[in-house]
Amino acid sequence: MTQPTEDELVSELDAWIDDHWMPDASLRQWRDRLADDGWAAPSWPQRWGGRGLPTWADDLVASRLTERGTVSTPLGGGMSLAAPTILAHGPDPVRERFLRPILTGEETWCQLFSEPGAGSDLAGLSTTAVRDGDEWIVNGQKVWNTSAHHADFGMLVARTDWDAPKHRGLTYFALPMHQPGVQVRPLRQMNFHQSFNEVFLTDARIPAEFVIGGICDGWAVAATTLAYERRYGAMGRPRYAETAGRVLDEARHEADEHFATYRWYPQRAGRADLLRERAEATGTNRNASVRQQIAEVTSMQSVSRWTAERARAARLLGRPPGAEGSIGKLATSNVARGSLRAHTSISGAHAMLAGSEPEMHAAVAEVLISVPAQSIAGGTDEIQKNILGERILGLPREPAVDKDVPFKLTRRN
């Protein structure tokens with residue numbers, strides 16, 4: 001089948017919007033209509049609600065929908081992490097059950113990977129899933145779980161075979177979150193935000209058919225999610241039209257709730273945008289060392305932006321996430337740390353003051369205690385370097401004494 005050009009696709013979409021836009025419907029009704037006609041995720045196969053178009057069509061259509069004053073697909077980990085993972089690994093009954101409710105926003109998702117004793121060494125996790133007839137029984141603890149307090153399902157990786165080596169005994173599940181065996185508690189951070197949760201699983205139950213990928217194939221499935229997660233962290237807030245209508249009102253409310261979780265992320269990224277203003281306000285812009293630090297951060301930002309553009313170009317060509325994700329993640333960490341050093345040189349001891357200080361002072365104080373998280377979340381800097389060294393540069397793998405040892409015999413935590 002001949003694929004449309006970008007101009008042809010935009011023209012077809014514009015005609016469809018003219019005929020179908022329903023500003024006074026509910027957000028769910030509008031997204032149902034998008035999914036019915038294949039505009040929610042046009043690169044998906046037609047069988048799963050798409051149009052079978054090239055990958056570049058997704059960004060083009062989403063941007064055009066917003067430009068025309070309408071709304072695209074739901075925000076959050078469902079569309080960005082769960083859906084591409086389910087599409088890639090299936091099986092078909094799982095795709096049939098979960099993809100449509102993700103497209104319409106009927107069901108939301110969170111990620112249940114890290115544990116108190118398994119963060120960077122994720123394959124060392126010890127949450128267990130044991131088959132019991134038509135269900136799996138899950139016990140364990142997860143941590144750093146964004147949106148777990150309101151998600152309908154969790155992307156859960158659990159150990160199903162203790163006799164296999166740690167990477168080969170894991171299975172990836174869709175865990176129903178609203179059940180007695182799932183307890184979610186918020187985590188209060190040292191910057192006073194509560195963006196994450198810890199989740200306790202006590203005889204939680206998962207239907208046997210909710211396995212994503214295959215039994216004991218969970219590591220490969222999780223790797224797909226993690227590859228998309230590095231891109232997901234750079235996604236920005238959509239700019240909805242200020243016109244009236246129920247769809248847009250509900251979409252703006254959805255965005256407010258979603259991005260409230262991430263309101264401290266600009267500080268985590270270092271607030272490089274404040275450096276020049278702060279230097280001018282304090283007179284340190286005449287300090288050669290400060291000027292050099294600001295120039296260094298600005299240069300690193302430019303290089304990071306070019307890497308992100310290269311990653312976007314690769315995605316538009318239909319390529320899966322590659323080295324750009326790890327490179328971009330490391331670059332973001334470097335920018336954040338460079339910004340922190342510059343803020344410290346500019347503000348001195350005042351950088352530690354918060355509360356009653358002017359808003360900019362408070363933001364700088366929050367930078368100091370938030371930036372360390374940038375090098376941890378989504379895979380530590382050390383893990384990203386291992387990925388690049390081993391998988392991209394072909395360097396020898398890091399020694400792993402437990403690689404072929406049954407997990408029950410390995411030392412943990």
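A residue counts as buried when its relative accessible area is under 20%. In this predicted model, phenylalanine 98 has a relative accessible area of 0% and is therefore buried. Phenylalanine 153, at 7%, falls under that cut-off too, so this residue is also buried.

These two residues also meet as a ring pair. A pair of aromatic rings is described by the distance of the centres and the angle of the planes. For phenylalanine 98 and phenylalanine 153, the centres lie 5.0 Å apart and the planes stand at 80°; because planes over 60 degrees apart count as edge-to-face, the pair belongs to that class.

Across the whole structure, a search finds 16 aromatic pairs. One aromatic cluster is formed by Trp144, Phe196, Phe259, Tyr262, Trp264 and Tyr265. Of these residues, Trp264 carries a charge over its ring, as the charged end of arginine 268 is placed 5.8 Å from the ring centre. A further arginine, at position 185, lies over the face of phenylalanine 200, 4.3 Å from the centre of that ring.

Turning to helix packing, the axes of α1 (residues 6-20) and α3 (residues 56-67) come within 11 Å and cross at roughly 40°, which makes α1 oblique to α3. The crossing is right-handed. On the α1 side, the contacting residues are Glu6, Leu9, Val10, Leu13, Asp14 and Ile17, and these meet Trp56, Ala57, Leu60, Val61, Arg64 and Leu65 of α3.

Technical notes. Residues numbered from 1 in each chain as written. Predicted model: local features only at pLDDT ≥ 70, side-chain atom pairs only at ≥ 80, totals over all residues. Heavy atoms only, no water. Phe/Tyr/Trp six-rings, centres within 6.5 Å; stacked < 30°, edge-to-face > 60°. Buried < 20%, exposed > 50% of the residue type's maximum accessible area, 1.4 Å probe, protein only. Lys NZ or Arg CZ within 6 Å of the ring centre and 35° of its normal. Axes fitted to C-alpha atoms, helices over the stretch in contact; angles between N-to-C directions. Helix = DSSP H or I, 4+ residues; strand = E, 2+ residues; numbered from the N terminus. Parallel < 35°, antiparallel > 145°, perpendicular 65-115°, else oblique. Left-handed = near helix turned anticlockwise from the far one by under 90°. Contact = heavy atoms within 4.5 Å.
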